[in-house]
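Hi,

Here is the structure I said I'd pass along. Have a look at it first, and then read on for what turned up.

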Amino acid sequence: MATPSAEFTRGLLAAAPTLRAFAISIVGRVDRADDLVQDTMLKAWAAYDSFEPGSNLKAWLFTILRNAATTQFRRARREVEDADDKMALGLASEPEQPGHLALDEMRRALNELPGDQREAVLLVGAAGFSYEEAAEICATAVGTIKSRVSRGRAALAGKLFGDTAVPTD
């Protein structure tokens with residue numbers, strides 16, 4: 001990209017007030033008009049190579065401004081004002097990734113438990129067996145299953161939530 005000439009730069013700056021007045025008349029708001037003029041100036045600067053020296057710079061700039069305004073109007077028709085984010089919140093959905101990450105973290109923590117605790121926690125906590133049923137499946141006393149489930153749950157809480165003072169045996 002060639003560097004714009006001093007004449008081009010002077011012409012660009014000289015046209016700014018007229019471009020601004022035209023932009024205000026098109027969009028009706030000074031802040032949006034200023035944005036439109038700035039956008040026009042940036043596009044003109046970037047497209048300097050396509051400007052033919054000796055042609056009407058002001059007309060070229062007004063064409064860029066009018067096209068930019070048309071693009072903004074078209075875009076604005078598709079946009080909906082949502083100042084309090086009610087509509088956006090209604091369209092949002094929870095990402096699936098955190099659920100998968102939590103499940104993987106839980107799996108790792110379960111695999112780190114001693115086998116008897118893991119088995120008791122899975123039977124009572126995940127499979128939904130009563131302490132008595134789990135004791136029968138494991139061929140052990142109900143009190144032993146209750147103890148294993150209690151220690152297993154405490155160890156899981158320590159692994160998942162960072163409580164290192166929880167015993168794991």
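Before the charged part, one definition: a patch takes residues with over 30% relative accessible area and no salt bridge, and like charges are joined within 9 Å. Keep in mind that this is a predicted model.

With that rule in hand, there is a positive surface patch, and its members are Arg74, Arg75, Arg77 and Arg78. Take Arg75 as the example: it sits in helix 3, which covers residues 57-78.

Now the overall layout. Of its 169 residues, 24% count as buried.

The aromatics are the other thing I wanted to show you. There are 6 aromatic pairs, with ring centres within 6.5 Å as the cut-off. One of them is Phe8 with Trp45: the centres are 6.4 Å apart and the planes meet at 50°, so this pair is tilted. What does the pair tie together? Phe8 belongs to helix 1 (residues 6-27) and Trp45 to helix 2 (residues 30-46), so the contact joins parts that are 37 residues apart in sequence.

Phe8 is buried, at a relative accessible area of 3%, whereas Trp45 is partly exposed at 36%.

Phe8 has another partner as well, Tyr48. Here the geometry is edge-to-face, with 4.8 Å from centre to centre and 65° between the planes. This pair also links distant parts of the chain, since Phe8 is in helix 1 and Tyr48 is in the loop between helix 2 and helix 3, 40 residues apart. Is Tyr48 buried or exposed? Tyr48 is buried, with a relative accessible area of 16%.

Put together, these rings belong to one aromatic cluster made of Phe8, Trp45, Tyr48, Phe51 and Trp60. If you open the model, you could start with Phe8, which pairs with Trp45 and with Tyr48, and then go over to the arginines of the positive patch, Arg74, Arg75, Arg77 and Arg78.

Cheers

Technical notes
Residues numbered from 1 in each chain as written. Predicted model: local features only at pLDDT ≥ 70, side-chain atom pairs only at ≥ 80, totals over all residues. Heavy atoms only, no water. Patch = residues over 30% accessible without salt bridge, like charges linked within 9 Å, V, L, I, M, F, W, Y side chains within 5 Å. Areas by Shrake-Rupley, 256 points an atom, 1.4 Å probe, with all protein chains shown as cover. Salt bridge = Lys/Arg side-chain N within 4 Å of Asp/Glu carboxyl O. Lys, Arg positive; Asp, Glu negative; His and termini not counted. Charge placed at Lys NZ, Arg CZ, Asp CG, Glu CD. Helix = DSSP H or I, 4+ residues; strand = E, 2+ residues; numbered from the N terminus. Phe/Tyr/Trp six-rings, centres within 6.5 Å; stacked < 30°, edge-to-face > 60°. Buried < 20%, exposed > 50% of the residue type's maximum accessible area, 1.4 Å probe, protein only.
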